[in-house]
Amino acid sequence: VLSPLYKEPQPAQPPPLSGGVRAPPPEAPRPRCSPAPLPLLSPGPSPGDARKEAAGRCLLPGRGAWLPPGSQAGTKKRATCPGLGLFYTILSAFLFSVASLLLKIIEDVHSVEVSAFRCVFQMAFVLPGLIYYKTGFLGPKGKRIFLFFRGVLGSTAMILLYYAFQVMPLADATVITFTSPVFTSLLAWIFLKEKYSLWDLLFTLFAVTGVILIARPPFLFGSRVSGLEGSYSDHLKGTIAAVASTLSAASTIVILRKVGKSVHYFLSIWYYAVIGLVGCVIALFVLNEWRLPHCGRDRVFLILIGLLGLGGQIFLTKALQIEKAGPVSIMRTMDVVFAFILQVLFLNHLPTWWTVGGALCVVASSSGTAIHILIWAVKRYLKVIGLLGLGGQIFLTKALQIEKAGPVSIMRTMDVVFAFILQVLFLNHLPTWWTVGGALCVVASSSGTA
């Protein structure tokens, strides 16, 4: 309040020297920082933050006024770019699709060996995180059995998926993998007793129809099946491998739901990479398939597969951190679109109409599952909002029945106080002094009227 009346003290004039000549005046002192108290709305800043905040309210030269906290450059929190999570999802789908294309192009390298290379990359990425977070390498005793099965099923899903990519068209294998959300709902209903509605059953039927259209079994489509890359036996093996990979991935998700947040996600990936690497090495020696690629191009492709898979996983994790799971699951279907485009451009293989129909069924199934979950969550929030509004209205009516209108109207201004507190605690947004001033004016107006 007194800052506009504050004036810089004038320096004392030095005594005159001999001969009536005065010494030159000393330099004017630099503007000082105001020792004004910190804002009361800050949620308990540390001493370091207090010093930074006090330093930000410097007196302006010659005026003595200080800047409010919200008016300084760089103190306003940046809002998250809308749609950034969906962009990360699309980028993740593109990286996964390019990794699948490179796997398709590589020659004379078994899918188990490619899986071993990817496990090595994941171990190199996760190991520093385990050391930094001090999670240990084994995990809690009661959760180790679940982590072991998570590693076995996750690595099995990866190996089978890579095998499917190698022996059947890229788009066909990609489409089959997107039936995973449907099977996840079914397995969660069986093992976790989660709700399984008629909508989930309908989406499951759509997914199974899509797989049948892609597999085209002879007892339904006859012995002459066109549009295949190789023989029908390889196509059927790839279809079985892709379906088994999808079931393994769905089982992995159910196990992760069972474990919950009691285990750090780095530890879960560590089990997946270590068990996968051990299993891949044993399988390679049993099958006698361990060999390095003959040309340098394939070796570069192996490294790129590991890096692209890791990058896709990072961007997908980032997307789930800033966006809801429903829209992310829907945008993940862009993986199917990229698979079709890359197959046509680089492999010169046009998909058949059966594949397109199966893809539409699977995309409709996975998108429907995501939308159904999203609608259920929205309805749940709407019910909570409705109950809170109804409760507030009931208590306000009861208050007006037993108390005069004036005191009730004055106490209604507590709504402003609660709004400020909740904004600071849950939205991490400090109000500016302009907002505080405006709130005081409004509260004074409504209280004065009452």
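Me: How far is the sulfur of Cys-280 from the closest cysteine sulfur, and which residue holds that other sulfur?

Reply: The sulfur of Cys-280 is 5.0 Å from the one in Cys-119, its closest cysteine sulfur, and that's too far for a bond. A disulfide here is a pair of cysteine sulfur atoms within 2.5 Å. Keep in mind that this is a predicted model: local features need pLDDT of at least 70, side-chain atom pairs count only at pLDDT 80 or more, and totals for chains, interfaces and linings use all residues. Residues are numbered from 1 along each chain as its sequence is written, and side-chain values use heavy atoms, leaving out hydrogens and water.

Me: How many disulfides does the structure hold?

Reply: The count is 0.

Me: Is Cys-280 buried or exposed? And what about Cys-441?

Reply: Look at relative accessible area: under 20% is buried, over 50% is exposed, and in between is partly exposed (1.4 Å probe, protein chains only). Cys-280 comes out at 0%, so it's buried. Cys-441 has 56% relative accessibility, so it counts as exposed.

Me: Which helix holds Gly-276, and what does this residue touch?

Reply: A helix is a DSSP run of H or I with at least four residues, numbered from the N terminus. Gly-276 sits in helix α10, residues 265-287. With 2% relative accessibility, Gly-276 is buried. Contact means heavy atoms within 4.5 Å. Setting aside neighbours within four places in sequence, Gly-276 contacts Cys-119, Ser-155 and Tyr-271.

Me: Where is Thr-246, and is it buried or exposed?

Reply: You'll find Thr-246 in helix α9, residues 232-259. Thr-246 counts as buried, at 2% relative accessibility. Beyond neighbours within four places in sequence, its contacts are Ile-176, Thr-177, Thr-179, Ser-180 and Phe-183.

Me: At what angle do helices α7 and α14 pack?

Reply: Angles are taken between N-to-C directions, from 0 to 180 degrees, using axes fitted to C-alpha atoms over the stretch in contact. Helix α7 (residues 198-215) and helix α14 (residues 353-402) pack at about 160 degrees, with axes 7 Å apart. The two are therefore roughly antiparallel to each other, a label for angles over 145 degrees.

Me: Which residues make that contact?

Reply: Among them are Trp-199, Phe-203 and Leu-213 of α7, along with Trp-354, Cys-361 and His-372 of α14.

Terms used:
Parallel < 35°, antiparallel > 145°, perpendicular 65-115°, else oblique.
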